[in-house]
Amino acid sequence: MSAAEPAPACAHLERTYAFADGELAGDTAEAARDHLATCAVCQAELAELLQLDAAVAERAVAEAHRQAGVTSLAWYRRRSAHLATAALAAAAAVVVIVALRSNRETGVGPGPLGTGPAVTVALAPHRLIEARVAWPGAAAHRPYDPPRASEPPHEAIALMAIAQVDQRGDAHGVGVLELLNGERRQAATYLERAGGDRPELLADRAALALADHQPERALSLSDAALAVAPALGAAQWNRALALRDLGLSRTAAAAFRSVASLGEPGWADEATARAKSLDLDAARS
């Protein structure tokens, strides 16, 4: 190859594009994620495209009457309506700097607390699932806002951030982010891969069970978490939702009042409101 010829692109770029569009699933998506975590070419390409998304979205928010997806890139023109929605969501996202747990804390391997740089995870200002997660990167309260008919029923977390969390060996974190992204099969894989029975992990498996419409399993997992950590708000919350889904409105209301008693910012107020609503439902029945 002569000096004038460009350096060869990665042979997996098309797969990376498909992964970014949400077109892959199962083992194929996992292979794409693993490759992305180690390939500088694909990382650079995806980072550039995400920056382009953000720029387009910023302009779309400022000039709402104009089409948000105008760009000269042929690949970008082919992007799905889902990713266009994701770009708009990213413009309004709450950016959380996650000082991720060390490998030692997550049970993956040795390493002192705070090893490596922090990972930036952009979360929407509202959550789209009722359940709570205990993983620190997404545990803060965000008001619940059920997705509308015209919106995807999941968040749009940057794939680069997920890949960085994966590269750090935090299977628990990847599982939670995949759950928020609506990839429940991938979430299950990573939450199981995290291993162990730490109460935070059990609470997040309960959140996944709720998303899969398995309230009995969610109740069992939440109870197991609370047996070790009785004051774990995420486990108490998910237990309350499981009880509600099982038709036990009064017991669920009491469980939400227990969450409210913890006094957690945002969560306490929402728990109080949910308890009152369940009390009204029980009185009508």
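Predicted model: local features only at pLDDT ≥ 70, side-chain atom pairs only at ≥ 80, totals over all residues.
W237 has another ring partner, W267. Their ring centres are 5.0 Å apart and the planes are at 70 degrees, and since anything over 60 counts as edge-to-face, that is what we call this pair. Here the link runs from W237 in helix α12 to W267 in helix α14, so it ties together parts 30 residues apart in sequence. W267 is buried as well, at 4% relative accessible area. The count of aromatic pairs comes to two, and W237, F256 and W267 form one aromatic cluster.

R132 puts its charged end over the ring of W267, 4.2 Å from the ring centre. While we're on that kind of contact, R193 lies over the face of Y190, at 4.6 Å from the ring centre.

Now let me back up to helix α12 itself. The buried set is G233, A234, A235, Q236, W237, N238, A240, L241, A242 and L243. What do they pack against? Four helices come up: α10 (199–211), α11 (215–228), α13 (249–260) and α14 (267–284). Just past the end of α12, have a look at G247, which takes a positive phi of about 85 degrees.

One more residue from that buried list, Q236. This one is in helix α12, and at 9% relative accessibility Q236 counts as buried. Leaving out residues up to four places away in sequence, Q236 touches L226, P230, A231, S258, V259 and L262.

Okay, on to the charges. Side chains of opposite charge can pair when their charged atoms come close. How many salt bridges are there in the whole structure? The search finds twelve, and I'll show you a few of them.

Take E130 and R274, whose side chains meet in a salt bridge at 2.8 Å, N to O. That pair links distant parts of the chain: E130 is in the loop between β2 (119–123) and α7 (159–167), while R274 is in helix α14, 144 residues apart. E130 counts as partly exposed, at 22% relative accessibility, whereas R274 counts as buried, at 14%. Both of them also belong to a network of salt bridges, made up of R127, E130, R244, D245, E270 and R274.

Then we have R205 and E192, meeting in a salt bridge at 3.7 Å, N to O. Again it's a link between distant parts of the chain, with R205 in helix α10 and E192 in helix α9 (residues 184–194), 13 residues apart. R205 counts as buried, at 10% relative accessibility, and E192 counts as partly exposed, at 48%.

The last one I picked is a local pair, D281 and R284, with a salt bridge at 3.0 Å, N to O. Why can those two side chains be on one side of a helix? An α-helix has 3.6 residues a turn, so residues three or four places apart point the same way. D281 and R284 are three residues apart in helix α14, which puts about one helical turn between them. D281 counts as partly exposed, at 35% relative accessibility, and R284 counts as exposed, at 63%.

That's my tour, so let's open it up for discussion.

Definitions and conventions:
Residues numbered from 1 in each chain as written. Heavy atoms only, no water. Buried < 20%, exposed > 50% of the residue type's maximum accessible area, 1.4 Å probe, protein only. Helix = DSSP H or I, 4+ residues; strand = E, 2+ residues; numbered from the N terminus. Contact = heavy atoms within 4.5 Å. Phe/Tyr/Trp six-rings, centres within 6.5 Å; stacked < 30°, edge-to-face > 60°. Lys NZ or Arg CZ within 6 Å of the ring centre and 35° of its normal. Salt bridge = Lys/Arg side-chain N within 4 Å of Asp/Glu carboxyl O.
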